[in-house]
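Subject: Structure handover

Hi,

Here is the structure I promised you. Please open it alongside this email.

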Amino acid sequence: MASLSARAAGLRSLLDRVTTPGGLFVTAVLGVAALPVTNVIRDPDFWWHLRAGQLILQRHSLVGTDPFTYTVATHHWTMHEWLTEVGFALMHQVGGLGLIVLALSALTWAGILCIFLRARLRRPPMFVLGVGLLIGVVAGYPIWGPRAQMITFTLSCLLLLIIERHLHRGGRIAWLLVPMFVVWSNLHSGFIMGLGFIAVVLVAEVVGATLGLPDAAPRERVRTLGLVLLACTAASMVNPNGPGILLYAFQTQGSAAQQSLIAEWHSPDFHDWEVKAFELMLLTLVAMVVTNRRLRARDAALLLVTTALALQSVRHIALFVAAATPMWIDQANLLVRRVRARPRRARPLPPLTVRTVAYAAVVSVVAALYLASRLAPSVATTEASSRYATDFPVCAAQWLASSSRPLRIFNQYGEGGYLAYALSSRGDRVYVFGDAALMGDALLYQYADVESVQPDWDVIIQRSGADIVLFDRDTPLANVMARSADWMKVYEDRLNVAFVPAAKHAELHLPPASAAFTRSPTCAAHASTAVAAAPGGPGG
Amino acid sequence: MRRTRIDGRRRGPGRARRVSGVALALAAGRSRARDSTRAARAWWIAGAAVLMMAITVQPFRDPDVWWHLALGRLIVEHGIPPHEPFSFLTAANPWIHQQWLYEVGLFRTFSAGSFGPGLASLGMGAVAVMAIVVAALSVPRSARVSGTWLAFAMVLSGLVMGEVVGVRGQVVTLLGTSILLLVITRWREGSSRAVWVLPPTFLLWANLHAGFVVGLIVLAVALAAASPLAPNGRLARRPLLAAAIVSLGATLVNPAGLAIYQYVGETFANPTLTSAITEWLSPDFHNVWVRLFEAEVVLMVILWAIGGGPARFDLLLAGVAVAATLQAQRNVSLYALIAAPQIAAYGVRAWRAHAQPRLVRAGVRAPRALHPLAAATAVLAIGAAVAAGAVVPNITPSATRAFEAARYPRGPANYVAAHLMGQRLYSIDTWGGYLAYRFPSDRMVFLYGETGVFGDRDLQLYEDVHLLASNWTDVLRRYSISHAVIPLHSQEASAFHAIGWTVACFDAASDAVVMSAGSATSPPPVLDAPAGAPRC
């Protein structure tokens with residue numbers, strides 16, 4: 001009875017806190033935060049990860065060499081995300097794409113929750129906490145979506161929360177990171193960022209203590225963190241690739257080809273409205289830091305590092321949001337306290353019953369909005385839907401699947417993953433797909449020469465042994481090939497167009513373009529009449 | 001000054017003379033120390049300025065210089081043209097001569113014999129250095145910034161802006177902005193008369209470069225946010241407001257009048273410009289020069305934080321400059337200019353607050369200032385090294401000719417002059433200005449860097465061909481373009497080759513080709529260092 005009444009008192013106290021206007025606001029923000037992180041699959045790399053997971057399950061072992069291309073089939077394949085890939089394959093078996101969308105969306109939202117919990121350690125007012133969270137969620141807009149990278153985002157948020165709790169309160173919580181890294185290093189190569197974060201915090205605390213800066217963590221806790229870092233580094237090597245996984249993670253950063261050719265490794269484009277929120281968050285955070293002039297050494301170091309990473313590559317905005325959002329909230333709180341000379345008198349609140357009803361209403365509305373506008377449509381969208389056919393070569397793949405023999409496809413980089421997923425089982429092979437480290441810089445540069453229609457573009461295609469070229473419509477390559485006498489257009493839909501060498505057309509025995517359009521209503525809607533009008537084209 | 005007791009007795013008049021002699025000697029000593037500090041500061045600034053000439057004196061890297069020269073020549077020979085004079089496209093926007101005075105000055109310098117191009121490079125390099133020197137001198141007097149910090153800030157900012165200076169009109173805007181910063185500082189220190197430098201400055205500026213608008217924005221920020229530096233703590237905003245209004249009126253004294261503001265608005269509002277032209281794009285932080293900008297911003301923020309916090313005006317000005325740079329990388333030079341005095345001032349403050357006390361406690365003595373003769377020798381030595389190593393190699397007639405041949409399609413232009421006069425030419429936008437200079441009449445040029453006049457429609461036409469949009473051949477047909485001067489390794493070259501164009505001549509120096517719509521039914525199989533193609 002005593003424990004029941006204690007629980008009831010605890011519940012009442014919790015309700016009392018969360019049903020305040022501030023609590024209501026934060027709850028609403030946390031609910032709204034689920035909207036942008038829930039979407040259909042937009043990541044082109046998802047498909048080859050899914051297919052790789054299916055292959056691992058089939059073979060009961062990792063795949064040693066690449067099974068998707070005809071160009072780098074002899075390259076050793078470092079399967080650095082094998083656990084994620086197996087997870088995708090299992091979820092796909094059980095619940096299709098919808099289950100994967102649900103899982104990744106929940107995972108990303110859990111990361112935002114970790115940001116909230118970390119920010120709450122400094123006890124900011126709820127309103128400031130809510131505004132900061134909202135800004136962080138909007139700043140991350142360029143990279144939200146169901147993708148493997150969200151694993152690193154969420155685990156980074158969790159890691160920073162654990163580090164903060166440890167430095168703040170001590171105890172053994174930091175040792176939870178060790179098993180986390182065992183799992184992380186098998187899930188995503190972004191675990192290297194996690195190790196980097198621990199190192200950055202360590203160095204900052206040591207330097208801060210040496211310089212006598214305020215708010216330094218107790219030495220004992222910093223020492224423990226050092227040991228945790230060593231243990232986590234060792235734990236990271238517990239994966240099929242062994243210690244080599246540590247070097248692999250640096251390969252992408254050190255690859256000039258990847259950094260210059262792959263869109264998500266480019267610097268943010270501040271003309272893009274989606275990036276403006278990140279810019280606003282960064283500039284306001286800096287303005288608050290120099291105005292308040294109170295920033296812990298570890299926060300300063302994390303801010304510097306994640307800003308540099310985010311400015312280098314737009315995909316790292318997620319890490320900036322993970323690290324900087326609690327800082328933004330903390331600095332805003334300091335600024336509000338400076339500006340507001342006298343603390344406001346707390347206004348009397350309505351009765352708890354009324355507040356609870358209001359709270360339940362807000363939660364219901366937000367949940368209904370989320371379910372109706374984001375979750376249900378995203379989960380219900382199937383691979384054969386028009387939505388996916390708009391972003392991925394669904395119809396072109398169906399058309400190619402009806403060809404009498406496997407083909408070597410010179411494809412667009414971002415579509416290699418889907419084509420590998422849809423066609424590799426019947427023996428078709430692509431030129432390139434999204435595992436850039438596997439492709440190698442030499443192949444990437446050659447691909448770039450073709451995509452940007454450099455003088456040797458047709459020689460590269462011919463020498464690669466490609467049977468067919470499949471690219472997006474209205475790309476420079478497609479527009480040049482359409483006017484070249486050496487190439488014949490054999491397929492076109494609203495997304496893609498395919499060409500074959502005019503001299504080889506007869507021997508390829510390709511199906512008519514209409515073969516794709518009759519297979520599904522989606523593809524029928526994506527049909528283009530352009531091929532029927534093309535001279536000598538197979539037409540419908 | 002305290003009176004010292006010499007022999008324990010109160011001083012009589014005779015003794016007062018001896019005391020005042022000591023006092024005089026002390027005062028003289030302090031004055032000599034002040035002079036020595038000022039001299040040391042001047043030598044540091046001179047040394048940094050001389051060193052920066054190695055960065056700012058550049059050959060004609062900015063491709064827009066050529067159409068400015070073409071316009072300067074046209075203005076000198078025939079007066080300001082009423083319409084866009086070089087392109088066969090119909091310009092969407094009115095013709096605005098927003099840099100006519102710069103163009104005339106540039107052309108006059110350029111055409112001063114074989115050393116003309118070198119003189120132009122040297123002159124604009126000196127203007128850029130002057131801008132940084134004036135910006136550095138705009139530190140508040142009360143900050144007592146040492147020469148070392150000024151020199152450091154100048155060199156750092158010089159390196160950051162190195163990629164966007166040289167022979168370009170924007171350097172004029174840098175000088176104008178630096179003068180403005182100096183005037184604002186003096187005004188904040190209590191000198192109301194200093195503001196009356198602004199109207200004649202803006203009068204000139206508005207006829208030299210449309211970047212005077214930046215100056216107006218800085219003025220607005222100063223009026224809104226500047227705080228006093230004067231000992232009495234009062235800031236008379238009315239003189240600055242009056243000077244700003246007069247300056248605004250002065251900007252209308254230009255051949256285009258009020259239309260110059262329309263030109264500026266159309267430039268900024270052009271979506272194709274801001275998405276297609278490299279210097280209007282956001283910075284690429286993989287580039288080492290941009291990383292230097294990033295480092296300077298981080299340094300400035302750190303110095304703000306440990307130097308006691310930034311003044312509101314400084315924070316706002318630098319914040320706007322950073323935001324402008326993130327929007328368009330061409331603004332990095334403005335940021336560097338604004339950052340230079342702030343890094344110097346807050347750097348000194350941070351040094352005195354944190355580093356100097358530690359050094360004093362550790363018994364480390366400040367190094368003695370160099371003897372003026374030694375300082376002069378050092379500056380001369382730096383100057384000689386810079387001149388020999390960096391400046392002279394960029395300004396000799398042979399160097400400027402070689403640079404022109406390598407960077408611009410001089411050979412192909414010679415071929416066109418001999419065989420294709422009067423024909424419409426397609427070219428990449430960075431070569432359009434050069435072709436306008438070479439072929440000022442007959443309207444042979446497609447498009448060049450005066451994007452504010454061409455407007456979004458014409459820029460889009462260029463993009464359609466340059467990026468090989470679905471209608472790229474339609475553009476060529478519509479404008480009867482059957483010849484092109486383009487880089488050999490360009491997508492246009494591959495595309496024209498694919499539709500049967502042939503290489504009329506090849507220029508190895510600039511890696512450029514002249515291509516013409518051919519009558520051949522099957523073009524040569526490979527377009528790569530075209531064997532057999534005649535040299536231009």
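Below are the conventions, then the findings.

This is a predicted model: local features need pLDDT of at least 70, side-chain atom pairs count only at pLDDT 80 or more, and totals for chains, interfaces and linings use all residues. Residues are numbered from 1 along each chain as its sequence is written, chains are lettered from A and ligands numbered from 1 in the order in which they are written, and side-chain values use heavy atoms, with hydrogens and water left out.

**A helix in chain A**

Start with helix H6 of chain A, residues 149–169. Helices here are DSSP runs of H or I with at least four residues, strands are E runs of at least two, and both are numbered from the N terminus. The expected span is 1.5 Å times one less than the number of residues. For the 21 residues of H6(A) that gives 30 Å, and the end C-alpha atoms are 30 Å apart, which agrees. Of those residues, 17 are buried, so H6(A) is largely enclosed by the rest of the structure. Buried means under 20% relative accessible area, exposed over 50%, partly exposed in between (1.4 Å probe, protein chains only). Just after H6(A), A:Gly170 has a positive phi of about 75 degrees.

**Aromatic pairs**

Rings of Phe, Tyr and Trp (its six-membered ring) pair if their centres lie within 6.5 Å; planes under 30 degrees apart are stacked, over 60 edge-to-face, the rest tilted. The count is 52 aromatic pairs over all chains. One of them is B:Phe202 with B:Trp205, tilted, at 5.2 Å centre to centre and 35 degrees between the planes. Both residues are buried. They sit three residues apart in helix H7 (residues 198–208) of chain B, which means about one helical turn separates them.

B:Phe446 and B:Tyr462 are also a tilted pair, 6.4 Å centre to centre, with 45 degrees between the planes. B:Phe446 lies in the loop between H18 (429–438) and H19 (451–466) of chain B, and B:Tyr462 in H19, so the pair ties together parts 16 residues apart in sequence. B:Phe446 is buried, at 2% relative accessible area. B:Tyr462 is buried, at 2%. Ring pairs link both into a cluster that includes B:Trp472 and B:Trp501.

**The sheet in chain B**

Four strands form an open, mixed sheet in the order S1-S2-S4-S3. Two strands pair if DSSP finds at least two bridges between them. S1 (425–427) and S3 (502–507) are the edge strands, each pairing on one side only. S1(B) and S2(B) (residues 483–487) run parallel over three bridges. B:Leu425 has B:His483 as its bridge partner in S2(B).

Best wishes
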